[in-house]
Amino acid sequence: ANPASALAPTLASGSQCPAAMPGPARVMIIDDAAMMRAVVADVVRRDDAYQVVASCANGDAALRQLRA
């Protein structure tokens, strides 16, 4: 048994929260400056613990992306 799994957060249904599941953490980068989004994405992609899944210029675009 994985000792970390005993500390993992759980949902009301008893299943583990997605953030506690194995695999890279999924990251959405939100910034109004395209250059900053590119820089942050480059830094995040260097760490296998994270996966950039989207990049948006503002909160409205981010919410649309989440709902898609």
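**Nonpolar surface and core residues**

Met35 is exposed, with a relative accessible area of 63%. In this predicted model, Met35 belongs to helix α1, which spans residues 34–45. Together with Met36, Val39, Val40 and Val43, Met35 forms a nonpolar patch on the surface. The accessible area of these residues together amounts to about 440 Å². Since exposed denotes a relative accessible area over 50%, Met35 falls in that class because its value is 63%.

In soluble globular proteins, nonpolar side chains tend to be buried together. The largest nonpolar core of the model consists of five residues, namely Val27, Ile29, Ala41, Val44 and Val52. Strand β1 (25–30) and helix α1 each contribute at least two residues to this core.

Val53 lies in strand β2, which covers residues 50–56. Val53 is partly exposed, with a relative accessible area of 36%. This class applies because the value of 36% lies between the limits of 20% for buried and 50% for exposed residues. With residues up to four places away in sequence not counted, Val53 touches Arg26 and Val27. Val53 and Ala25 are separated by 28 residues in sequence, and their C-alpha atoms are 9.6 Å apart in space.

Methods
Residues numbered from 1 in each chain as written. Predicted model: local features only at pLDDT ≥ 70, side-chain atom pairs only at ≥ 80, totals over all residues. Heavy atoms only, no water. Patch = residues over 30% accessible without salt bridge, like charges linked within 9 Å, V, L, I, M, F, W, Y side chains within 5 Å. Areas by Shrake-Rupley, 256 points an atom, 1.4 Å probe, with all protein chains shown as cover. Salt bridge = Lys/Arg side-chain N within 4 Å of Asp/Glu carboxyl O. Helix = DSSP H or I, 4+ residues; strand = E, 2+ residues; numbered from the N terminus. Buried < 20%, exposed > 50% of the residue type's maximum accessible area, 1.4 Å probe, protein only. Contact = heavy atoms within 4.5 Å. Core = buried A, V, L, I, M, F, W, Y, C linked by side-chain atoms within 4.5 Å.
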